[in-house]
Amino acid sequence: MKGNETYRIELEEGRVILRTSSFKAEKGSVLHSGIFSRELASSFVAVVAAVLLLIFFAVRYELGLLHYIAAALVLVVVFPLCRIYLFREPYLETVFDKTSGTVSMTLRRPILSRGLSMPIGSVRDIKVEHVRIEPDNPDAVAFVERIALQHGTVIPGFGEVQDFYNVLLVHDSGSYTILTTRTESEAADVVEKLKRYIGVEGPKREDGGRDGRSSR
């Protein structure tokens with residue numbers, strides 16, 4: 001997202017909008033983003049579509065230059081369409097609207113977006129929760145890293161202790177994570193801006209265990 005790769009805050013008349021593609025603290029996959037990504041998945045789908053088209057032509061005709069050009073066009077067209085629509089990264093949009101007196105949270109996805117809304121008066125606090133995630137099995141991590149090195153591959157960050165800072169929206173019946181960042185000062189800055197807008201007092205922090213549950 002422009003201006004900050006984690007989130008973006010927009011100020012409109014009577015509204016503050018927080019958009020982020022990072023809204024949960026979780027362990028990274030063995031399929032690291034440098035190895036498997038949305039771009040790679042889109043490329044795979046585009047290649048499959050082009051190959052299927054060539055197979056279709058081969059069954060009906062003798063393949064010629066125009067058939068290969070058509071397959072190349074399919075490849076060029078399908079890749080961006082898949083990246084934009086099929087493999088688009090979901091993001092969470094939280095809107096504080098003083099005009100309507102509501103706070104709405106919408107998870108926007110290529111398929112089956114969903115959301116909820118609540119009165120802005122039901123918001124009791126906005127605070128920072130610290131979550132630390134440690135590897136469950138250090139021996140398994142070391143084994144995977146050793147195999148990766150034997151194949152000349154490095155998996156950045158794999159098996160490391162990870163610290164996350166969640167921005168929690170606390171209301172009458174519970175709480176929701178509306179932003180997750182790796183930087184405490186960044187999370188605190190977002191909390192301060194949102195609290196200033198809705199008029200609650202300033203940032204609190206909770207420390208969580210490895211499973212993300214906060215200490216009480």
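# Briefing: a chain of helices and strands

Of the 216 residues in this chain, 31% count as buried, where buried means under 20% relative accessible area, exposed means over 50%, and partly exposed lies in between (1.4 Å probe, protein chains only). This is a predicted model, in which local features need pLDDT of at least 70 and side-chain atom pairs count only at pLDDT 80 or more, while totals for chains, interfaces and linings use all residues. Residues are numbered from 1 along each chain as its sequence is written, and side-chain values use heavy atoms, with hydrogens and water left out.

**Overall layout**

- The chain has four helices and nine strands, where helices (H or I, at least four residues) and strands (E, at least two) are DSSP runs numbered from the N terminus.
- Read from the N terminus on, the elements follow the order β-β-α-α-β-β-β-β-α-β-β-α-β.
- Among contacts between residues at least 6 apart in sequence, 60% join residues at least 24 apart, a contact being heavy atoms within 4.5 Å.
- The chain exposes about 13400 Å², and carbon and sulfur atoms supply 58% of that area, as computed by the Shrake-Rupley method with a 1.4 Å probe, where for residues only the protein chains shown count as cover.

- Strands β2 and β3 pair in the antiparallel sense over six bridges, pairing being assigned if DSSP finds at least two bridges between two strands, and Val-16 stands opposite Phe-96 in β3.
- Seven bridges join β3 to β4, and these two strands also run antiparallel, with Thr-102 in β4 as the bridge partner of Asp-97.
- The hairpin formed by β3 and β4 has four residues between the strands, and Gly-101 in the turn has a positive phi of about 70°.

- Strand β6 (residues 123-133) has nine of its eleven residues buried, so it is largely enclosed by the rest of the structure.
- Ten bridges pair β6 with strand β7 (residues 162-171) in the antiparallel sense, and the bridge partner of Arg-132 in β7 is Asp-163.
- His-130 has its place in strand β6 and is buried, with a relative accessible area of 10%.
- The side chain of His-130 makes a polar contact with the side chain of Asp-163 at 2.8 Å; such a contact is a pair of N or O atoms within 3.5 Å, where within protein one must be able to donate a hydrogen and the other to accept it, and residues adjacent in sequence count only if both atoms are side-chain atoms.
- Strands β7 and β8 run antiparallel and are joined by seven bridges, with Thr-177 in β8 as the bridge partner of Leu-168, and they form a hairpin with two residues between them.

**The largest nonpolar core**

- The largest nonpolar core has 24 residues, and those with the most contacts inside it are Phe-96, Ile-126, Val-167, Leu-169, Ile-178 and Leu-194; a nonpolar core is a set of buried Ala, Val, Leu, Ile, Met, Phe, Trp, Tyr and Cys residues joined through side-chain atoms within 4.5 Å.
- At least two residues of this core come from each of β2 (15-20), β3 (91-97), β4 (102-108), β6, β7, β8 (174-181) and α4 (184-198), and α4 gives the most, with six residues.
- Leu-194 touches Val-16, Leu-18, Phe-96, Ile-126 and Ile-178, not counting residues up to four places away in sequence.

**Helices α1 and α2**

- The 23 residues of α1 should span 33 Å at 1.5 Å a residue, and its end C-alpha atoms are 34 Å apart, which agrees; the expected span is 1.5 Å times one less than the number of residues.
- Helix α2 (residues 65-86) has 22 residues and reaches 30 Å from its first C-alpha to its last, close to the 32 Å expected.
- The buried residues of α1 are Ala-41, Ser-42, Ala-46, Ala-50 and Phe-57, and they pack against α2.
- In α2, the residues His-67, Ala-71, Val-78 and Cys-82 are buried, and what covers the buried residues of α2 includes α1 (38-60).
- Ala-70 lies in helix α2 and counts as partly exposed at 23% relative accessibility; leaving aside neighbours within four places in sequence, Ala-70 is in contact with Leu-53 and Phe-57.
- Ile-84 also lies in helix α2 and counts as partly exposed at 46% relative accessibility.
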